[in-house]
Amino acid sequence: MRIVLTGAGGPAAIGVARSLKDHYLIGVDSDEYALKFAETNEKVRICSADDPDYLPSLNRIIHTTGADFVHAQPDPEVRVISDSRDLVDAKTFLPSQETVQLCQNKWRAIKRMGASGVPVPRTIPLVGPFDLDRAASEFNNKFWVRENVGAAGKGAFLANGYTTASMWVEGINKGWGRFQAAEYLPGRCFTWQSLWKDGRLVAAQGRERLKWALANRSVSGVTGITGVARISNDPRLDDIGKRAVYAMEASPNGIFGVDMKENAGGVPCVTEINIGRFFTTIEFFTQLGLNFPDLYARSAMGEDVSADKVEEGWMWLRSMDAAPKLIRG
């Protein structure tokens, strides 16, 4: 299969490329320097997703390379390709346009899941100072503020009261209407990766995040770059993950990555759903024999595929300028 992989020079796309070595890959990226890192058969520079020429450029690449399928890895490209999927001259395999838009807005997604009975953190949209005052009171002056839209912990800040939160939301980010406040969840951190076809769960696997990489370089301690992860087959992840996905879409298709963190009572609460793309450590599962990107690409082309979970006891270690390490731990 000939596959166009967007954002090809980014860490997540590199993991996807390593999982798709049996296919012919055309890597595209708007960053000329990042593109040098792409592990694809071809590398092509493209304009950014917000450029009016993005879709025409993508289609030119599809025609020139004879690509069969397109996988968008960065969120902005997932959104653009989702919104214009009928104009893309190759196969895509995405949830519905409505679901992509819903999941890419964390507040809207949290609201939908909460209304469906899925455990989620108590969350307050920050339209103005009154909402922040309410959050400080309800959450006992310790809570997260973060942007409704964005990845890698965009705009995340652990506030210790109204004053510091206000400085972050209003003073630094001018963010009324774009931010939310959420209760602090003290427990373990999980991600549940899942692949769906016409409402059927094709494959699912959980992992526990033990450490963020480069955490001391971020004001929030959250970087979006998992430093240490381990396999988790906690049955609660399957239960809550499936409920979260079905809250978004009755007959899901494609990739749903459900992030969860335990509350004070030990219940995993869904903090967001990463839609239409893989997380940055997807190669972890591939190395253990559960190759999500290959299952995803073959499913998109009409093959009937499925896979079992991998065994617990494995860990994935990542650091800057070093190859990831798979160890028993």
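# Exercises on a predicted model

Asp198 is exposed, with a relative accessible area of 55%; the scale used here calls a residue buried under 20% relative accessible area, exposed over 50% and partly exposed in between (1.4 Å probe, protein chains only). This is a predicted model, in which local features need pLDDT of at least 70 and side-chain atom pairs count only at pLDDT 80 or more, while totals for chains, interfaces and linings use all residues. Residues are numbered from 1 along each chain as its sequence is written, and side-chain values use heavy atoms, leaving out hydrogens and water.

**Exercise 1. Find where Asp198 and Asn140 are and describe their phi angles.**

Step 1: Start with the location. Asp198 is in the loop between β9 (189-197) and β10 (200-212), and Asn140 is in the loop between α6 (129-138) and β6 (143-147). Helices (H or I, at least four residues) and strands (E, at least two) are DSSP runs, numbered from the N terminus.

Step 2: Now read the backbone. Phi is positive, about 50°, at Asp198 and about 55° at Asn140; neither residue is a glycine. As background, most residues other than glycine have a negative phi.

Step 3: Check the surroundings. Asn140 is exposed, at 65% relative accessible area.

**Exercise 2. Work out how α2 and α3 pack, and which residues meet.**

Step 1: Take the axes, which are lines fitted to C-alpha atoms, for helices over the stretch in contact; angles run from 0 to 180 degrees between N-to-C directions. Helix α2 (residues 54-65) makes an angle of about 85° with helix α3 (residues 75-83), and their axes are 11 Å apart.

Step 2: Name the arrangement. The angle makes α2 roughly perpendicular to α3 (65 to 115 degrees; under 35 is roughly parallel, over 145 roughly antiparallel and the rest oblique).

Step 3: List the partners. Glu77, Val80 and Ile81 in α3 meet Tyr54, Leu55 and Leu58 in α2, where contact means heavy atoms within 4.5 Å.

**Exercise 3. In what order do the 4 strands of the open sheet lie, and which helices touch it?**

Step 1: Follow the pairing, which needs at least two DSSP bridges between two strands. The order is β3-β2-β1-β4, with parallel pairing. At the edges, β3 (42-45) and β4 (69-71) each pair on one side only.

Step 2: Look at one pair. Strand β1 (residues 2-6) is joined to β4 by 3 bridges, and Leu5 stands opposite His71 in β4.

Step 3: Helix α10 (residues 292-300) lies across β1 and β4, at about 140° to β4.
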